[in-house]
Each structure stands twice: as structure tokens, then as C-alpha cells.
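Colleague: I would like to learn how to read helices and their packing in a model. Where do we start?
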Amino acid sequence: MNSWQYTRGWLRLHRRWVLVALLYLVAALNNLDRQVLSVLAPLLRSQLKFGFVEYSNVVAGFLLAYTLGYAFSGPILDRWGVRWGLTFGLVLWSLAGLAHSFATSWMMLLVCRFLLGLGESFNSPGGLKAIAEWVPRKERALASAIFSNGNVMGAMLAAPLVSLLALSFGWRSAFVVTGLAGFALAVVWW
């Protein structure tokens, strides 16, 4: 047996844990994308010339969209399945994240944030549905814990990664890199 056959056999046998690892990455990116604005807020407020009230409106727009997004992401995931539904969510939030890099005002950030919230609302129901479909009942709590920890990892990585990108290549690069990472992850997830 050559190494490729062994690898394919191992992946087939452990497919559910490969899926859980991918869900971990999706959750990490989901929370990383969410934190980019928070890390860059002081710089964006200065460069795009808006205050705390406008910033709070941008944040509220994201939260409103995230809340509303649950109303349609669940039914979409149920109808389309996790593969299509989570891919759609990933692509939508990656497009929205990338669009942040073109923002020239707080209103543009608000629109981008709203779209980001809609796309990111697919993360939790999609991950839980995938775990329910692919992981045996006796391993679901562990799989859910691993998936949920992706959110924590994304939040932990945000400040150093976004700061490094912004200091090295400008603030727009942080949105570009995280957006492109989402497209790459969507391809892998697909």
C-alpha cells in the first residue's frame, strides 16, 4: 500500500474528525473576520472621520443582521444542506469582509457589516447541523466543543494578526487577507 492509499483510507475512516477540523477553521475565521473592525476601530474612526456614535451604529448593524440572519440561515441550511448552505454563508461573509477594504465612510462600513452579519449567521447552525449529521451521538459533545473553540481561537488571533497586517500593509489589507482566506476555506469546505 502506497502512502496515498493509506492517507485516503485514513481520511475515509476518520472523515468525521476531518469535518470537525474544518468546522473549527470555519468558526475561527468567522470570529476573526468579526474582530477585524474592533481591532482597527481607532484607526478607521480617524481615517474615515467618524465618531463613537457612528461606530456604534456600524456595530449595531452587524448585530441586527446576525440576529435576522438566523431566521433565514437555518431554513436555507435545512433546504440546501450543510455543504451548499455553509459554502453560501462563507462566500457571502468573505465578499462582505473583502468589501470593507473599499469603504470610504462609516455608511459603507455599515452596509459591509450588515452583509457580514448575514453571512456569518450561517456558522453556528451550519456547524451544529454538520456535527449532528456526521458525528455519532456519543462523540457529539466533544465535536461541538472543538467547533466552538474555533470561535475563541479566531478572537485570540485577531489582534496580533490584524495589527501586523495593518502596520505592514495598511488597514485595508486586513480585510483583504481575511476575505481571501474565507474564499480559500469555502473551496476546501466544498
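Modeller: With length. The expected span of a helix is 1.5 Å times one less than its number of residues. Bear in mind that this model is predicted.

Colleague: What span should helix 2 have, and how far apart are its end C-alpha atoms?

Modeller: Helix 2 covers residues 15-47, which is 33 residues, so it should span 48 Å. The end C-alpha atoms are 47 Å apart, which agrees.

Colleague: Where does helix 2 bend?

Modeller: At A41, by about 65°. A proline, P42, follows within four residues. Then look just past the helix: K49 takes a positive phi of about 55°.

Colleague: Now packing. How do I describe it?

Modeller: Two packed helices are described by the angle between their axes and the distance between the axes. Take helix 2 and helix 8, the latter being residues 171-189. Their axes come within 9 Å and cross at roughly 165°. Angles over 145 degrees count as roughly antiparallel, so helix 2 and helix 8 are roughly antiparallel to each other. Their crossing is left-handed.

Colleague: Which residue classes make up the contact of helix 2 with helix 8?

Modeller: The contact has 19 nonpolar residues, three polar and one charged.

Colleague: And aromatic pairs: how many are there?

Modeller: Ring centres must lie within 6.5 Å to pair. By this rule the count is seven. One of the aromatic pairs is W84 with W190, 4.6 Å centre to centre. Their planes are 75° apart, and the pair is edge-to-face.

Colleague: Why does the pair of W84 and W190 tie together separate parts of the sequence?

Modeller: W84 lies in helix 4 (residues 82-99), and W190 in the segment after helix 8, so the pair joins parts that are 106 residues apart in sequence.

Key. Residues are numbered from 1 along each chain as its sequence is written. This is a predicted model: local features need pLDDT of at least 70, side-chain atom pairs count only at pLDDT 80 or more; totals for chains, interfaces and linings use all residues. Side-chain values use heavy atoms; hydrogens and water are left out. Helices (H or I, at least four residues) and strands (E, at least two) are DSSP runs, numbered from the N terminus. The bend at a residue is the angle between axes fitted to the seven residues ending there and the seven starting there. Axes are lines fitted to C-alpha atoms, for helices over the stretch in contact, and angles run from 0 to 180 degrees between N-to-C directions. Angles under 35 degrees count as roughly parallel, over 145 as roughly antiparallel, 65 to 115 as roughly perpendicular and the rest as oblique. A crossing is left-handed if the near helix is turned anticlockwise from the far one by less than a right angle, and right-handed if clockwise. Ala, Val, Leu, Ile, Met, Phe, Trp, Tyr, Cys and Pro count as nonpolar, Asp, Glu, Lys and Arg as charged, and the others, Gly among them, as polar. Rings of Phe, Tyr and Trp (its six-membered ring) pair if their centres lie within 6.5 Å; planes under 30 degrees apart count as stacked, over 60 as edge-to-face and the rest as tilted.
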